[in-house]
Amino acid sequence: MAIVEMRRLNVYSTKKHRKATLEFLQEIGAMEIDCPDIGDTPFEAMDTSGERVRFQKIADEFDHVIDLLKSYDTKGKSSLLNLENTLVSKEEYKEIEKNRREYYSKVKDVLGLEKSITESKATITRKQNKIATLSPWSKLDIPLNSEKTRCTKIFIGTFPDSLSEETVYAIATEGLEEPIPVTASVLYNENQITNVCVIATNRVADQVEENMRSHGYSKLPFLSHRIPNDAIAKRQKDAEEEKKKIEEAEKEIATYVDYIPKFKIAADYFRTRSEKYRVLGTLPQSNKVFFIQGWVEARQAEGIAKILEEKYDAVVEIEQDDEAAPIKLKNNHFSEASEGVLEAYGLPTHGRVDPTVVMSIFYVFFFGMMLSDAGYGILMAIVCGIVLKKYKRMASGTNKMLRLFFWCGISTAFWGFMFGGFFGDAIDVIAHTFFGVSEKTTVLKPLWFAPLNNPMRLLIWCMLFGIIHLYAGLAMKGYEYLKNKDVVGFFSDVIAWYMFLTGLILMLLPTSIFASIAQMNITFPDWLNLLAKIITIVGLVVIILMAGRANKNWGLRIALGAYDIYGVTGWLSDVLSYSRLLALGLATGVIASVINTMAAMKGKTVLGVIIFILVFLVGHALNIAINLLGAYVHTNRLQYVEFFGKFYDAGGTPFQPFKSNHKYIEIKED
């Protein structure tokens, strides 16, 4: 529950040490480079955009080839291997660095083969489209570009209608006298299109053409010097040749699969060089010296400064500037898993409280209540635990997410046993259906109570937990006031609200309204009822008088205080928001019970057992997926809206150290 203290380092050194200094800082990955604008200083910055883009382009090409080669990998490696980076030695890394041009040449070869495959596929598509165009003319036994002979004129074209051969002949010979020197053939007739070939002697050709055009005839839009079947055969042969080219290229690409590990190292090498040139382009430098400014953790500042001074002949200044420093959180192993939830909302600024520890406890607690099924929770915890155990070098964000869901799985299992849910009522249904246990017997009894039998009782508890959560948020606000030594603010904005809200709650509990909701009567002694009224009034008065204490005008001050009292309606809506704990918990249990009932409908038969297993597996897989998402979303909402709304202001920028930009590998330390 802390924000790591930062120090600014100002590093001055000669240009001959620039490369080594940058490589050292990138290797240790402990400093965020944040160089100032050059402005009117005698320094200038190098234009490294060309080199940076070039190296990034090369890295992207390696990435593309790696993804391409994976599709040719017949070893069938599990996709889970992508969860962690490959551990390589410094010797392996240096070997790739030494031979990087050779590996890049191989990447270019693969890209060339891929390009030839793409071109061949495009050619095949063109050939197939042409075949599809020629197929309706396949009955024609003369070339498509035939227009005339010595004595005749040939009309090859289409009508925009479905016509018979007799109709085509009648259209063509309309107005002609016997004997009629015309032949008409229908080559294709489908989808309101008729392809025809009409041959007429030169004497009547003009009249025939005029007759056909008056009925929508149009000339064939493309020409070919081949007979259609010959043209089709030629294109089919061309397509087969292109397919052979593709097969040969794919076989050659497959020979590069074994280079994937080397390509991964090379990709990260070029990616790291691109990052180095990005930073290099921000450094102020002159002909002889350069300047680096950035942030490091306070505990590392002296050590890094000492190395820079002794090894790289640098002059290092260490400064403290909390307002401008980036934010890095430091929490215990349990709470660290929830840092991603906080980061998604926004990091705190220096001087403010880090709410991760308190938030993580409530997050896991509420997530378990929403899912509240022991079977689902145990399954979540086992899966996350196995993955965490097997893959120890996964990305930090993935590791934290899996650890968070592991703890949420434990919480879900706890609440599942408390409420008597294990894959819904699966144990009872199995016992009643397949083992002859009486329907009246409950095999898995809840350790606390069953929400489906008493939802109002759970609603009261949900609201109680919500009040505790909101009170914790108000306590965090009080902690900030005390941390900043603002005692007046602590009593005016925190203690007064505790008194006012607690008094209202104590006044509500003995009423008939609460009794009708909770289905229970609460009676307080007279002294407690009086105390409730006193602390409510005292809290009310303090809030009215002190909420607007920044204003010297007492009229405006009281008006602002009265408006602040109106905020109690927000507290009411916040408390009601915790009813989602009830809603999602019931939804999980009800859907699971329906799935079990459907699965057991065929009873104690062989077919019934098979159906039960299938419906059980598919149904519960869908149920856990849907309600897992719902629990995640709504647990986040309770933190972001209700809890953070009481005290938290984000605005911090994350600490992003300059380091080796590795996507695939992790270099083994000596």
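Select Phe-423 to begin: this residue is buried, with a relative accessible area of 17%. In this predicted model, Phe-423 lies in the loop that runs between α14 (396–419) and α15 (426–434). Display its backbone torsions, and phi is found near 55 degrees, a positive value in a residue other than glycine. Most residues other than glycine have a negative phi.

Select Lys-485 next. Its phi is near 60 degrees, again a positive value in a residue other than glycine. Is Lys-485 buried or exposed? Lys-485 counts as exposed because its relative accessibility is 75%, and the cut-off for that class is over 50%.

Most peptide bonds, by contrast, are trans.

The last stop is Gln-293, a residue of strand β9 (residues 289–297). Gln-293 has a relative accessible area of 13% and is therefore buried, the limit for that class being under 20%. Which residues does Gln-293 touch, not counting those up to four places away in sequence? Select Arg-8, Leu-9 and Asn-10, and then Met-31, Glu-32, Ile-33, Asp-34, Cys-35 and Pro-36, to display these contacts of Gln-293.

How values were computed. Residues are numbered from 1 along each chain as its sequence is written. This is a predicted model: local features need pLDDT of at least 70, side-chain atom pairs count only at pLDDT 80 or more; totals for chains, interfaces and linings use all residues. Side-chain values use heavy atoms; hydrogens and water are left out. Helices (H or I, at least four residues) and strands (E, at least two) are DSSP runs, numbered from the N terminus. Buried means under 20% relative accessible area, exposed over 50%, partly exposed in between (1.4 Å probe, protein chains only). Contact means heavy atoms within 4.5 Å.
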